[in-house]
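Dear colleague,

Please find below the structure that I am handing over to you. My notes on it follow directly after it.

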Amino acid sequence: MKFKTSLFALLLLALTAMSNIASAENYTLWVNGRTGGGVVGDYTSFTYWGPSSTAAGVNKKAVNWDGYNSISSQNGKIRDALDCFCTGNNWCYIATHSAGDLMMGYTLANYGSSSRLKKNAVANSSGQCGNSDGTAQVGWNIKWIRAASGAGGGSELSDAGSWALTEPLVKDLKTTTARAMYNHNNTANVWFYMYAGAKGTLYSGILPGQDDEAVAYHSSGGVSGSSGSSLCNPSDWFCNDLTMGTVNNEGGSSKWAFHSVSFRDDNEAYNHYASGNWLGIVSVVRTAMVSSAL
């Protein structure tokens with residue numbers, strides 16, 4: 001009888017382990033930038049990005065925040081999504097656009113090592129999920145982050161008042177404010193892979209070096225420092241180059257820790273805007289998410 005009981009216990013344990021493995025899922029989270037557009041709390045609302053039918057990574061979810069109020073006031077929406085889909089046995093691939101990069105950097109620097117209750121990945125209308133087993137973990141299960149035109153270093157368009165300064169987010173996007181908002185080197189060991197667009201226009205001359213009409217290379221390339229600098233493509237002889245990967249840029253400026261340039265728009269083909277159809281620099285990140293988020 002004791003042998004049968006032990007055998008039954010072992011079988012039950014094995015079935016439980018198999019059930020846990022089977023329930024593990026990978027998710028692709030898309031974190032919007034300024035202006036927002038998707039329904040906050042609805043992870044199926046991809047209005048900001050483009051048609052929801054477009055392939056954009058495994059189990060894609062739209063992590064919507066209003067794109068208007070301050071990073072700190074909206075950050076709970078991001079933490080809800082990360083708790084929902086990136087705890088327990090589940091892992092996340094994350095894509096951001098523009099101020100979404102600032103949002104994710106702020107989240108990881110301030111909460112990336114905090115205790116998080118494991119959730120069941122079943123969201124209510126507010127975007128919150130129920131507890132799975134009542135246990136907690138440290139931080140979230142994040143494979144990596146791919147940032148399309150990352151605004152973690154702010155934008156000179158905000159400095160110059162080109163955007164309405166009545167918007168709380170625009171105040172956060174001033175270059176000195178964004179760079180002092182949190183420790184950009186503290187990413188909870190999560191890698192940020194940066195995608196820098198360069199299809200600027202004449203009116204974006206206020207942005208130093210290469211830009212995509214809204215964000216300059218110093219920000220979209222994850223370059224450290226208390227303010228922005230002028231960085232360009234190798235074809236520009238009168239400006240220091242933004243380098244690929246993690247190595248220092250021409251002229252000696254460095255990138256923040258755990259930040260690596262994956263794409264530099266040498267052909268100046270991609271602007272800042274998704275335009276409701278997965279366009280601009282977002283298109284490059286979308287392709288990368290589809291091919292690598294498995």
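The largest cavity holds about 50 Å³ of space. A cavity here is a set of points on a 1 Å grid over the protein atoms alone where a 1.4 Å probe fits but cannot get out, and its lining residues have an atom within 4 Å of a point. Grid points are joined across faces, edges and corners, and a volume is the space filled by probe spheres set on the points. Please bear in mind that this is a predicted model, in which local features need pLDDT of at least 70 and side-chain atom pairs count only at pLDDT 80 or more, while totals for chains, interfaces and linings use all residues. Residues are numbered from 1 along each chain as its sequence is written, and side-chain values use heavy atoms, with hydrogens and water left out.

The lining of the largest cavity is formed by Val40, Gly41, Tyr43, Val63, Asn64, Lys77, Asp80, Ser126 and Gly127. Three of these lining residues are nonpolar, four are polar and two are charged. In this division Ala, Val, Leu, Ile, Met, Phe, Trp, Tyr, Cys and Pro count as nonpolar, Asp, Glu, Lys and Arg as charged, and the others, Gly among them, as polar.

The whole structure contains two cavities of 30 Å³ or more.

Lys77, from the lining of the largest cavity, belongs to helix α2. Helices (H or I, at least four residues) and strands (E, at least two) are DSSP runs, numbered from the N terminus. Lys77 counts as partly exposed because its relative accessibility is 35%; buried means under 20% relative accessible area, exposed over 50%, and partly exposed in between (1.4 Å probe, protein chains only). Beyond its neighbours within four places in sequence, Lys77 is in contact (heavy atoms within 4.5 Å) with Val40, Val63, Asn64 and Trp65.

Gly127, also in that lining, takes a positive phi near 85° in the hairpin of β4 and β5, where five residues lie between the strands. These strands, β4 (residues 115–123) and β5 (residues 129–138), run antiparallel and are joined by five bridges; two strands pair if DSSP finds at least two bridges between them. Lys119 faces Asn131 in β5. Ala123 is placed in strand β4 and is partly exposed, at 37% relative accessibility. Leaving aside neighbours within four places in sequence, Ala123 is in contact with Tyr43, Cys84, Gln128 and Cys129.

I turn next to the interior. A nonpolar core is a set of buried Ala, Val, Leu, Ile, Met, Phe, Trp, Tyr and Cys residues joined through side-chain atoms within 4.5 Å. Among the 43 residues of the largest such core, Leu29, Leu82, Phe85, Ile94, Met104 and Ile142 touch the most other members. Two or more residues come from each of β1 (26–31), α2 (71–85), β3 (91–97), α3 (99–111), β6 (142–148), α5 (168–172) and β7 (192–196). The greatest contribution, seven residues, is made by α3. Apart from this core lies another of 19 residues, including Trp30, Trp49, Ala62 and Tyr93.

How enclosed is β6? Six of its seven residues are buried, so β6 is largely enclosed by the rest of the structure. Six bridges pair β6 with β3 in the parallel sense, and His97 stands opposite Ala148 in β6.

Ser149 lies in the loop between β6 and α4 (156–159) and is buried, with a relative accessible area of 0%. Not counting residues up to four places away in sequence, Ser149 touches His97, Ser98, Tyr195, Asp212, Val215, Ser220, His272 and Ile281.

Most residues other than glycine have a negative phi. Ser149, however, has a positive phi near 50°. Ala188 likewise has a positive phi, of about 55°; Ala188 sits in the loop between α6 (175–180) and β7 and is partly exposed, with a relative accessible area of 27%.

With kind regards

Definitions and conventions. On a 1 Å grid over the protein atoms alone, a cavity is a set of points where a 1.4 Å probe fits but cannot get out, and a pocket is an open set with protein on both sides within 12 Å along at least five of seven lines; lining residues have an atom within 4 Å of a point.
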